[in-house]
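Please prepare a briefing on this model. Keep it short and group the points by topic.

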Amino acid sequence: MEGKARNAPALLFFSFTCVFLSLSTTTLSTSPQFQTLTVNPLPNKPTLSWADTGPESEPETQTLTDSTSTEASTTTSLSVQLHHLDALSSDETPQDLFNSRLARDASRVKSLTSLAAAVGSTNRTRARGPGFSSSVTSGLAQGSGEYFTRLGVGTPARYVFMVLDTGSDVVWIQCAPCKKCYSQTDPVFNPTKSRSFANIPCGSPLCRRLDSPGCSTKKHICLYQVSYGDGSFTYGEFSTETLTFRGTRVGRVALGCGHDNEGLFIGAAGLLGLGRGRLSFPSQIGRRFSRKFSYCLVDRSASSKPSYMVFGDSAISRTARFTPLVSNPKLDTFYYVELLGVSVGGTRVPGITASLFKLDSTGNGGVIIDSGTSVTRLTRPAYVALRDAFRVGASNLKRAPEFSLFDTCFDLSGKTEVKVPTVVLHFRGADVSLPASNYLIPVDNSGSFCFAFAGTMSGLSIVGNIQQQGFRVVYDLAASRVGFAPRGCA
């Protein structure tokens, strides 16, 4: 993840028959108080199947678009299949996969909040590469996103796994020859074997879009660096290349071609930044694809269907409820929204007000939608109020010990279906009623389920991908809004 002052990518959980106590405030007449949770175990390691991409010999004669063209053209759409990072993990058991996911999540949140806190800071460290005036530090290698896809790079297309991340802008990929490259699933991309690869000159407008560009004095080509909070980094040439999605070729995408990539990186070849910044993939292809994209993340504990992402007009769902995007002039990567309150069991939680989530004039605070964070984080006062209201609503459930970052857990062993208090997120203009599996999730194979929210001492609140599961989340950048369509993965 990265912000305006950082070109850093910053490298997706789940009866009870009992008497429930009512909350003390007025119940909303139109909101149900309880809903059914199907008790599912931790999901097994997913298997990879790529019905949406062909082999490297796939014909490349379909739509060709130029991401930098300013000419009007007919809008098209493209879609890609998404898979969870667990499929590339070295872990094998459901428990190990879940524990690793929580570890990545903690690092991801730490880096996001550190970046947000440093928005107004003038203290910067020197970058490693020559020609850089400041570090682009944020994120962590293993927390740069929870979902990846397979796409073609170059001409002819060489298919590789790429992480997709709404908290990052710069697109980058490992490139040969390697000064140092981490281990990836596919062969490292060799730009000399691509007819469409081109370096970017130092003084070009594309190079100047980097917040801290470098320049090779020998070759006079633009250089980039992405650094991470754990010391990992990727460094190399900033260039343009053709990317292929299911036969649709998108030309002249600006990306980093990394020859020195050091640290604890995942097995994907690189990252496709989906943030709001000028160099993100949606920004680069905006004119051709109407500046719209959406994704639907499947709950893997309940379905084996793949998740997916769509670019273009077909990304918009007619059933989506939209909330306006909020701009943070100090940090242009993240998707900020206004969260006004939360309801539990059909009742507005009195301790949660819009003032707890306010984005101030210095760029601190606020609420972001993030695909790379798993567990939703709320500022500590808001979380405590939400947790306490949920505990009251579920007071007759059998409690279980705390687990990792979760302080509200229940023993549902022997159950197949239970009733739980409803949870509704109230965004400006959009009330989002969460499925039960989006906030009460399995944490082991012994029947322990935990309330999948957590508090943060940071002013930044983050709506994570567990709470987004099953919704088609629509990013309509042309209208500056984000939408949520329930049951959107059909």
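R246 is partly exposed, with a relative accessible area of 42%; partly exposed falls between buried, under 20% relative accessible area, and exposed, over 50% (1.4 Å probe, protein chains only). R246 has a positive phi of about 50° although it is not a glycine. This is a predicted model: local features need pLDDT of at least 70, side-chain atom pairs count only at pLDDT 80 or more, and totals for chains, interfaces and linings use all residues. Residues are numbered from 1 along each chain as its sequence is written, and side-chain values use heavy atoms, leaving out hydrogens and water.

**Backbone exceptions**

- Most residues other than glycine have a negative phi, and most peptide bonds are trans.
- R246 sits in the loop between β10 (233-245) and β11 (248-262); strands (E, at least two residues) and helices (H or I, at least four) are DSSP runs, numbered from the N terminus.
- S404 also has a positive phi, near 50°.
- S404 is in the loop between β21 (399-400) and β22 (409-411) and is exposed, at 57% relative accessible area.
- T155 and P156 are joined by a cis peptide bond, with omega about 0°; P156 is in the loop between β4 (147-153) and β5.
- A176 and P177 are joined by a cis peptide bond, again with omega about 0°; P177 is in the loop between β6 and β7 (198-199).

**Strand β12**

- G270 and L272 point one way from β12 (residues 270-273), L271 and G273 the other way, and all are buried.
- β5 (residues 158-165) runs parallel to β12, joined by four bridges; strands pair if DSSP finds at least two bridges between them.
- β6 (residues 172-174) pairs with β12 in the antiparallel sense over two bridges.
- G270 is the bridge partner of M162 and of I173.

**Nonpolar cores**

- The largest nonpolar core has 76 residues, of which F281, F427 and Y439 touch the most other members; a core is a set of buried Ala, Val, Leu, Ile, Met, Phe, Trp, Tyr and Cys residues joined through side-chain atoms within 4.5 Å.
- Helix α4 (residues 380-393) gives the most to this core, with six residues.
- Buried residues of α4 include Y383, L386 and F390.
- Leaving aside neighbours within four places in sequence, F281 is in contact (heavy atoms within 4.5 Å) with residues including L243, L272 and F311.

**A buried serine**

- S343 is in strand β17 (residues 339-344) and counts as buried, at 2% relative accessibility.
- The side chains of S343 and H426 make a polar contact (2.6 Å). That term means a pair of N or O atoms within 3.5 Å; within protein, one must be able to donate a hydrogen and the other to accept it, and residues adjacent in sequence count only if both atoms are side-chain atoms.
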